[in-house]
Amino acid sequence: MFGPPGTWLPPGIGHASGVPETDDQARPSDARTDVAVVGAGNAALCAALAAAEAGAQVTVLEVAPEAETGGNSAFTAGAMRVAYDDAADLGRLVDLDAPELRDADFGSYPVAAFLADLERVSDGRCDPDLVRTVAEGSMPTMEWMRSHGVGFEANTERQSAVVDGRRRFWGGLAVRVVGEGSALVIDLRAAAEGAGAAVHHSRPVTGLVCRNGAVEGVETPTGTLAAGAVVLACGGFEADPDWRAAELGPTWRSAKVRGTRFNDGAGLRMALAAGAARAGDWAGCHAVAWDASAPDVGDLAVRHEFSKNSFQLGITVNRDGVRFLDEGADFRNYTYATYGRAVLSQPGSVAWQLFDGRVQHLLHDEYSRPSPDRVYADSLDELIARLDGAGGIDGRRLRRTVDEFNAAVRTDVPFDPTVLDGRRAEGVTPPRSNWANPLDQPPFAAHAVTCGITFTFGGLAVDTSARVLGTGGAPLPGLFAAGELVGGLFWGNYPGGSGLTAGAVLGRIAGTAAAEAAGRTRSGR
Ligand SMILES: Cc1cc2nc3c(=O)[nH]c(=O)nc-3n(C[C@H](O)[C@H](O)[C@H](O)COP(=O)(O)OP(=O)(O)OC[C@H]3O[C@@H](n4cnc5c(N)ncnc54)[C@H](O)[C@@H]3O)c2cc1C
């Protein structure tokens with residue numbers, strides 16, 4: 001039997017990313033578990049919980065130290081995309097009796113709408129079987145999470161507004177985790193441990209143990225853990241600048257990493273070395289407009305709050321003083337994941353989001369965070385002068401951009417943030433399709449943004465049972481995967497809130513299937 005937590009990895013375990021040493025004892029020679037889960041983010045913990053519930057002995061190995069646990073999942077705002085037919089259906093997850101929700105209009109977001117969103121934003125290139133599994137599994141999986149202590153609430157602050165006296169939700173993102181990502185990983189870990197899983201930190205997995213084409217355990221810098229089955233849920237390669245440059249292009253070397261520094265693609269590397277097939281959009285990633293003064297990798301004290309995702313309420317300009325994207329092309333959830341790339345390709349990989357006093361109260365809370373790259377002014381002239389001086393923007397050109405934009409706004413069309421309101425700026429280039437307002441009411445604000453990469457889209461080929469497929473198309477016995485390192489779910493773009501849902505759905509499937517596979521191995525031993 002596998003020993004208690006922390007008994008088999010000797011002192012001195014290091015990792016390229018700087019994991020502190022541990023003071024554990026030497027590994028017993030018979031170290032073995034039923035299911036080894038690699039990573040301790042959302043997908044891994046769902047897998048561990050499901051496998052433990054299915055009766056397996058589960059060992060979770062996480063490279064990060066305890067203080068940095070939870071992977072990217074801990075950084076999230078906890079928004080989770082879920083299919084529901086109506087408000088009553090949503091009541092399976094969320095308490096709808098709160099006074100501010102009693103008369104709210106949640107609309108509906110059936111499985112077909114979830115699927116249509118995944119297909120639309122990926123131009124039909126996503127894996128149809130995988131996305132169907134995720135969309136259909138979203139509600140039952142989140143109910144299962146809720147039954148294990150994860151709280152859900154209405155995503156009121158970010159996904160609703162009061163119009164004509166009634167609160168309306170939009171964009172398929174009506175639900176979020178109570179306490180956001182940090183609570184999510186705490187609650188899931190408590191549930192997994194409560195079901196019997198052992199969670200180990202500062203435990204990097206460096207390779208897979210393979211015999212006769214089957215995966216039979218994991219390698220660590222200090223020894224082998226034999227396992228009946230292995231679930232890889234250890235993220236993409238977004239935190240490895242060299243791999244980013246190789247797959248996404250050289251400019252991506254300078255992107256800031258929004259989340260954990262530990263997602264360096266180790267799981268992908270070891271699976272590919274074991275014969276797994278690549279799937280999905282290896283040249284693509286999720287990347288957003290991110291505070292230009294944010295650190296190079298995520299800061300758990302700030303988490304997602306360097307995001308600058310209220311761009312649809314103002315205009316975004318580059319150093320030349322010109323707009324370069326349609327800020328209102330669609331609801332923010334369907335465009336924001338591509339706007340990091342758009343900013344990265346601008347001169348100096350920087351841009352400024354400009355807002356006036358009319359919309360200040362509609363901006364996400366993050367905009368009030370102090371930042372050295374934020375400029376306020378009482379007049380447009382003053383704002384432009386300050387950007388021209390300190391920000392290095394071409395002020396004359398910026399003045400022309402704003403004047404042209406202001407003159408082009410269809411002020412005869414009512415502004416409504418809860419629908420694609422068609423309030424466009426007519427004739428400007430690039431176009432501006434919705435929610436246009438002239439910038440003419442003080443105070444004025446400019447926020448400098450750069451590109452923040454969230455996660456990479458390319459990953460491993462898996463089937464709907466979360467089995468990792470080999471280059472010949474057949475499953476690699478004993479190997480399962482879930483979360484960011486699964487390929488084929490997202491391609492070119494991403495509907496907000498899908499990452500946690502996909503990780504939970506496939507994580508649960510992977511854990512259950514791994515427990516079953518381990519059971520077969522055990523009975524055959
Ligand atoms: C700032 C931010 C905000 C976000 N907001 C949202 C949101 O609101 N809603 C949403 O759906 N998505 C959001 N996302 C995306 C979301 O975080 C991911 O889709 C999801 O969390 C991925 O979960 P995961 O379990 O696959 O990976 P992770 O949570 O990243 O977990 C992977 C784990 O594997 C560990 N690991 C890596 N290598 C090894 C190794 N060799 N050995 C052992 N362990 C290893 C890592 O340390 C990490 O803990 C956000 C992401 C960020 C960064």
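Me: Is Glu180 buried or exposed, and what about Arg176?

Reply: Buried means under 20% relative accessible area, exposed over 50%, and partly exposed in between (1.4 Å probe, protein chains only). Glu180 is buried, and Arg176 is buried too. For Arg176 the relative accessible area is 15%, so it counts as buried.

Me: What kind of model is this, and how are residues numbered?

Reply: This is a predicted model, in which local features need pLDDT of at least 70 and side-chain atom pairs count only at pLDDT 80 or more, while totals for chains, interfaces and linings use all residues. Residues are numbered from 1 along each chain as its sequence is written, and side-chain values use heavy atoms, leaving out hydrogens and water.

Me: What links Glu180 to Arg176?

Reply: A salt bridge is a side-chain nitrogen of Lys or Arg within 4 Å of a carboxyl oxygen of Asp or Glu. Glu180 and Arg176 form one, with their closest N and O atoms 3.7 Å apart. The structure holds 33 salt bridges.

Me: Where does Arg176 sit, and which residues does it contact?

Reply: Helices (H or I, at least four residues) and strands (E, at least two) are DSSP runs, numbered from the N terminus. Arg176 lies in strand E6 (residues 175-177). Contact means heavy atoms within 4.5 Å. Beyond four places in sequence, Arg176 is in contact with residues including Ala77, Gly78, Met80, Phe152 and Glu157. Arg258 is 82 residues from Arg176 in sequence and 19 Å from it in space, C-alpha to C-alpha.

Me: How exposed are Asp123 and Arg125, which meet in another salt bridge?

Reply: Asp123 is exposed, at 60% relative accessibility. Arg125 is partly exposed, at 40%. The N to O distance between their side chains is 3.8 Å.

Me: Why are Arg132 and Glu136 about one helical turn apart?

Reply: They are separated by about one turn because they are four residues apart in helix H4 (residues 128-147). Arg132 is partly exposed, with a relative accessible area of 41%. Glu136 is partly exposed as well, at 43%.

Me: Which residues are linked in a network of salt bridges?

Reply: Arg81, Asp117, Arg120 and Asp330 are linked in one.

Me: Which residues touch the most other members of the largest nonpolar core?

Reply: A nonpolar core is a set of buried Ala, Val, Leu, Ile, Met, Phe, Trp, Tyr and Cys residues joined through side-chain atoms within 4.5 Å. The largest core here has 127 residues, and Val58, Phe106, Met145, Phe152, Val230 and Leu232 touch the most other members. Take Met145. Beyond four places in sequence, its contacts include Cys46, Met80, Phe152, Leu188 and Ala504. A second, separate core has 25 residues, among them Ala292, Ile315, Phe444 and Ala448.

Me: Where is Val505, and what does it touch?

Reply: Val505 is in helix H12 (residues 498-524). It is buried, at 3% relative accessibility. Leaving out residues up to four places away, Val505 touches Thr133, Val134, Gly137, Ser138 and Thr141. Val505 and Val134 are 371 residues apart in sequence, yet 5.9 Å apart in space, C-alpha to C-alpha.

Me: Is Asn309, in a loop, buried or exposed?

Reply: Asn309 lies in the loop between strand E13 (285-291) and strand E14 (315-317). It counts as buried, at 5% relative accessibility. Not counting residues up to four places away, Asn309 touches Val288, Ala289, Arg332, Tyr336, His364 and Tyr367.

Me: In what sense do E4 and E5 pair?

Reply: Two strands pair if DSSP finds at least two bridges between them. Strand E4 (residues 160-163) and strand E5 (residues 166-169) pair in the antiparallel sense, over four bridges. Val162 stands opposite Arg167 in E5. The E4 and E5 hairpin has two residues between its strands, and Asp164 takes a positive phi near 50 degrees.

Me: How many helices and strands does the whole chain have?

Reply: The protein chain has 12 helices and 20 strands. Its C-alpha trace spans about 75 × 50 × 40 Å along the principal axes. Of its 525 residues, 61% count as buried. Among contacts between residues at least 6 apart in sequence, 74% join residues at least 24 apart.
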